[in-house]
Amino acid sequence: MVAEWDVAVIGAGPGGLSAAHAAASAGARTIVLERAEHPRYKTCGGGLLGASLAVANPLITVPARDTVSAVTFTDRGRRGFTRRSGRRPLLTMVRRDDFDFAWYKAAVTAGAHVRQNAQVRAIAQGADAATVTLADSGTITARAVIGADGSAAVSSRHVGVTFEQQDLGLEVELAATEADRAAYRGRVLLDWGPVPGSYGWVFPKDDELTVGVIMEKGRGAETRRYLSDLVARLGLADRRVVRDSGHLTRCRRADAPLRKGRVLVVGDAAGLLEPWTREGISYALRSGTWAGQVAARARTTSDLAEYDQSITRELVPEMVAGRRLLQVFGRRRALVHAAMATPLGWRAFESFCHGDLSMAEVLRRPAIHAAIKLLGGRTR
């Protein structure tokens, strides 16, 4: 089997396009296979943390709809308080169709070929190349394949990724009135939900508000009720619904594979996301970039092991820390809420949002470490 491409990427979201950009920039013959057509809508809160901006800012013009410097915390709608960042913004808000399209243009400029409306049906591997079979019976062969097509799609199944945490996220995009825009400009709302580990949010995006909730899978009725109650409680029930969507987030098991032979998985396809907040864009961008860099220079399957090592070294400790914080949050929601009002809790949250500290580094701070132990959470 002769490889016609050096790198084939399945999926053109942030993970896939950052991989394509990295591979093409390194001189690899790179093709991206996307089942839809850009610009296309994707269910997502759209809040970019400092870790995401560190990857994106040097490569694209981030299409910001708002920058957030204030957070209002509520506990099931009660005991609300607002904290403000005294330095740079905490979050940059984007719409995923805008953000992904910016990455699409950057990948093409770097030399990647993007084939849209290309549905992948199967992946097979040989000694020297992998073959991707499309729905129209066409095939693509490449030395390496990077799967960025989601946790329930072809590449994840091919690699054999397994998951230990699955959550249902529901969102509505609401047309914002002038009063809404004034009330939420530069501010997000985070509400701790009625089920352990659940929470809701309001994210401002100029003329729209994204209102969403997330809860463990298997509680569909409760998740829908939480979203409906949140929208009504905030006085937004009469706003025009621009979009109404949902998605599952899946977090990998600790022993889940990241690669099978010549096929690597990144972002959601690998189950890479922060377990407490379920934030995934920064994980997609970082894992995609590393996969693209490794795949571009790899000549044998053993060369691809460098990708596994990068994930284990850089992202796994963050996921372990996030899982521990989720456990504490599930057991002691009210105390976590109170902690956000303290200088220590707010500084840790602020540093995480800015990208100054990873979740693992936050957890290693002596005062936070002691607080986690006091609240009954594991610190190792």
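Q: Where is Arg278 placed?
A: Arg278 sits in the loop between β18 (263-265) and α7 (281-297). Helices (H or I, at least four residues) and strands (E, at least two) are DSSP runs, numbered from the N terminus. The model is predicted: local features need pLDDT of at least 70, side-chain atom pairs count only at pLDDT 80 or more, and totals for chains, interfaces and linings use all residues. Residues are numbered from 1 along each chain as its sequence is written, and side-chain values use heavy atoms, with hydrogens and water left out.

Q: What is phi of Arg278, and is the residue buried or exposed?
A: Buried means under 20% relative accessible area, exposed over 50%, partly exposed in between (1.4 Å probe, protein chains only). Arg278 is buried, at 10%. Its phi is near 65°, a positive value in a residue other than glycine.

Q: What is phi of Arg76, and where does the residue lie?
A: Phi of Arg76 is near 55°, again positive in a residue other than glycine. Arg76 belongs to the loop between β5 (70-75) and β6 (78-84). This arginine is partly exposed, with a relative accessible area of 33%.

Q: Which peptide bond is cis?
A: The bond from His38 to Pro39, with omega near -5°. Pro39 is in the loop between β2 (30-33) and β3 (47-48).

Q: What describes two packed helices?
A: The angle between their axes and the distance between the axes. Axes are lines fitted to C-alpha atoms, for helices over the stretch in contact, and angles run from 0 to 180 degrees between N-to-C directions. Here, the axes of α1 (residues 14-25) and α3 (residues 96-110) come within 8 Å and cross at roughly 15°. That makes α1 roughly parallel to α3. Angles under 35 degrees count as roughly parallel, over 145 as roughly antiparallel, 65 to 115 as roughly perpendicular and the rest as oblique.

Q: Which residues make the contact?
A: Contact means heavy atoms within 4.5 Å. From α1, the residues include Leu17, His21 and Ala24. From α3, they include Phe99, Trp103 and Ala107.

Q: Which residues of α3 are buried, and what covers them?
A: Among the buried ones are Arg96, Asp97, Asp100 and Tyr104. The cover includes α1, β3, α2 (50-56), β8 (113-115), β16 (241-252) and α7.

Q: What follows α3?
A: Gly111, whose phi is positive, near 115°.
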